[in-house]
Amino acid sequence: MIRFDAVTKTYPGGTTAVDGLTLEAPTGQITVLVGPSGCGKTTSLRMVNRMIEPTSGTISIDGRDTASMDPATLRRGIGYVIQHGGLFPHHTIERNIATVPLLLGTDKSTAYARARELLERVGLPQSLAKRYPAQLSGGQQQRVGVARALAADPPVMLMDEPFSAVDPVVRTQLQAEFLRLQRDLGKTILFVTHDIDEAITLGDQVAVLRVGGHLAQMASPSELLAHPADDFVADFVGRDRGYRALSFVDGVLPALAEPTVAVGDSAELARERAIDGWVLVTDDERPLGWYAVGSPGDQVTAERLALGGTLARQGGTLRAALDSALSAPSGRGVVVTDEGKLAGTLTAAAVIEVIEQQRTGRDRAPAVQDDPSAEPRIQHSPGGESP
Amino acid sequence: MTWIQDHLGLIGSLAVRHAVLAGIPLLLGLVVSLPLGWLAHRYRRLAPVALAGTGLLYTIPSLALFILMPLLLGTKILNPINVVAAMTIYTIALLVRTVVDGLDSVPKDVDAAALAMGLTGLRRLLGVQLPLAIPVIAAGLRVAAVSNVSIVSVASIIGVSQLGDLLVDGYNRDIPGALWAGIIGCLALALLFDIVIQVVARLLTPWRASTKPAAAGAPA
Ligand SMILES: Nc1ncnc2c1ncn2[C@@H]1O[C@H](COP(=O)(O)OP(=O)(O)OP(=O)(O)O)[C@@H](O)[C@H]1O
Ligand SMILES: [Mg+2]
């Protein structure tokens with residue numbers, strides 16, 4: 001556990017970057033610090049490993065005051081992912097990752113072997129090991145940054161906007177991989193971002209800071225969306241927070257069976273099976289796209305499919321379900337199993353109905369985080385057993 | 001030109017002396033400038049003093065410095081040590097600023113990463129800051145090398161011989177061949193220094209070659 005106790009940092013110029021910050025980052029969880037640019041996020045993070053010394057207050061890790069520890073030793077025991085990657089441009093990828101193990105006295109071959117393992121762990125091929133950072137893409141560099149922080153297997157990790165320098169698609173991918181990694185590793189993580197969506201996706205709890213270094217609110221993501229403490233937080237969390245809050249609500253969804261055709265089937269068959277002019281095309285039970293009745297040609301071909309429509313996973317959230325329905329050309333959202341096979345479809349109206357039911361008779365606490373081991377929340381038929 | 005052919009031996013030995021008198025101070029100056037530059041980089045308040053102080057040294061006329069040296073060092077006037085010491089001072093005057101610029105050129109986030117990984121003092125300097133400062137320092141070194149090769153020729157006036165002798169003799173005794181030999185010799189030497197510094201800098205910074213598409217093959 002990382003504990004901030006009335007921590008204040010005033011820079012020599014007179015800027016107070018952090019003002020009386022008190023918060024706890026529990027062991028084995030991700031605590032996100034989020035706030036607008038200049039609100040003191042990086043300063044807070046760097047006070048934990050004493051790259052910056054607090055003006056007053058104390059920071060302790062598992063009950064030990066960091067001020068009493070040797071700074072270099074403290075830092076080698078804490079993984080740090082720096083804003084913009086900060087890889088050593090003059091060292092190969094494997095040498096970059098092996099930095100802290102080598103400092104701690106691990107012999108070179110062991111450290112490099114471990115570096116290669118870590119490369120795979122963060123989703124990169126081992127063949128990159130001998131390259132220099134400049135030979136990697138931005139996304140690859142960010143992954144290496146994470147691998148480097150993990151190298152000495154520190155129990156505590158500080159991550160400063162680790163996924164900020166990549167495009168939204170890669171970013172989403174990195175976030176998902178990061179969450180998977182964290183489920184295996186269970187590190188105590190203090191994570192900084194200025195992106196509220198990222199904070200909500202990744203955080204077990206989220207601390208919202210305002211400029212001047214004040215803590216505005218510390219809460220779980222669902223709590224933050226449902227009950228922002230004040231106007232600043234409400235504003236920062238954003239206009240569509242009602243919609244985003246659905247990310248944390250589960251419910252039994254009535255996914256209905258959907259007739260399908262395969263590529264190569266006749267247009268005739270497609271017309272017979274279509275509902276409201278659309279029929280779902282699958283290949284070995286995997287959804288490929290929607291075929292509109294009346295498309296030119298007398299066969300269903302891959303080129304004629306209207307793609308689009310996000311897929312909702314069985315066991316996913318109401319947000320994913322609603323989005324899949326809204327984005328499908330047929331108006332029927334496609335629900336798939338974990339293996340990516342068709343489970344059924346459902347309409348936006350059906351999702352809204354579930355939301356309404358929950359609003360009136362809310363009898364269970366909203367889930368804070370997806371649990372992959374839980375029973376699927378989306379059922380094939382209404383009246384299926386409750387998860 | 002026949003003069004040159006007839007005196008190749010002389011020209012050669014003068015060129016070697018010239019290279020030593022210009023080159024040794026370059027190395028000594030670098031060795032002294034590195035810690036001075038690091039101090040000025042580390043303790044920001046020292047920087048203006050250090051830079052102004054060393055910069056001022058460069059404005060002392062070379063002849064004056066050559067003549068002052070025996071007084072300061074207690075050496076004989078003809079001793080080449082005087083020239084080496086004076087040239088070292090000029091090199092320092094140019095290189096301290098270069099070292100500070102070089103260390104300043106290290107990307108902030110890379111330097112912060114070094115700190116965050118628990119690299120301390122000398123390890124951080126030698127392992128991260130200095131290697132990354134090499135390109136800037138090498139550029140400054142090239143300027144200092146050319147400057148040294150040119151200033152050293154003045155030492156002929158105080159009787160320390162090198163390629164400058166050819167210029168003085170060529171002028172005094174009206175030997176165009178000697179003048180040409182002196183000029184070409186100095187140019188060739190400056191070029192040689194320049195090439196050597198560039199090659200060494202490139203060998204010390206293999207990662208820079210890797211960013212150019214032409215050399216995409218990762219070095220082993
Ligand atoms: N070394 C410094 N000296 C003086 N002021 C500083 C220093 N570092 C940061 N500050 C100031 O402290 C405040 C907080 O800076 P900090 O870097 O912690 O913000 P941040 O929340 O990480 O911002 P960003 O999202 O832009 O990275 C800012 O006003 C900044 O200008
Ligand atoms: Mg920051």
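**Close-up views of a predicted model**

**View 1. Buried residues of helix H4 in chain B.** In H4(B), the buried residues are Ser62(B), Leu65(B), Phe66(B), Met69(B) and Pro70(B). Seen down the axis of H4(B), these buried residues fall within an arc of 140°, so they line one face of the helix. Leu71(B) and Leu72(B), on the other side of H4(B), are exposed. The cover over the buried residues of H4(B) includes helix H5 (80-104) and helix H7 (121-152) of chain B. The model shown here and in the other views is predicted.

**View 2. Length and end of helix H4 in chain B.** Helix H4 of chain B spans residues 62-73 and has 12 residues. From its first C-alpha to its last, H4 of chain B reaches 16 Å, close to the 16 Å expected at 1.5 Å a residue. Gly74(B) follows H4(B) and has a positive phi, near 75°.

**View 3. The largest nonpolar core.** This core has 46 residues, of which Ile97(A) and Phe191(A) touch the most other members. Helix H6 (residues 138-150) of chain A gives the most to this core, with 5 residues. A second, separate core of 45 residues includes Ala133(B), Leu163(B), Leu166(B) and Ala178(B).

**View 4. An annotated span of chain B.** The UniProt annotation "domain: ABC transmembrane type-1", from an unreviewed entry, covers residues 15-201 of chain B. The span is 82% helix and 0% strand, and its end C-alpha atoms lie 24 Å apart.

Conventions: Residues are numbered from 1 along each chain as its sequence is written. Chains are lettered from A and ligands numbered from 1 in the order in which they are written. This is a predicted model: local features need pLDDT of at least 70, side-chain atom pairs count only at pLDDT 80 or more; totals for chains, interfaces and linings use all residues. Side-chain values use heavy atoms; hydrogens and water are left out. UniProt positions are given in the numbering used here, feature names are shortened, and annotations may be inferred rather than shown by experiment. Helices (H or I, at least four residues) and strands (E, at least two) are DSSP runs, numbered from the N terminus. A nonpolar core is a set of buried Ala, Val, Leu, Ile, Met, Phe, Trp, Tyr and Cys residues joined through side-chain atoms within 4.5 Å. Buried means under 20% relative accessible area, exposed over 50%, partly exposed in between (1.4 Å probe, protein chains only). The expected span of a helix is 1.5 Å times one less than its number of residues. The arc is that of the directions from the helix axis to the C-beta atoms. Contact means heavy atoms within 4.5 Å.
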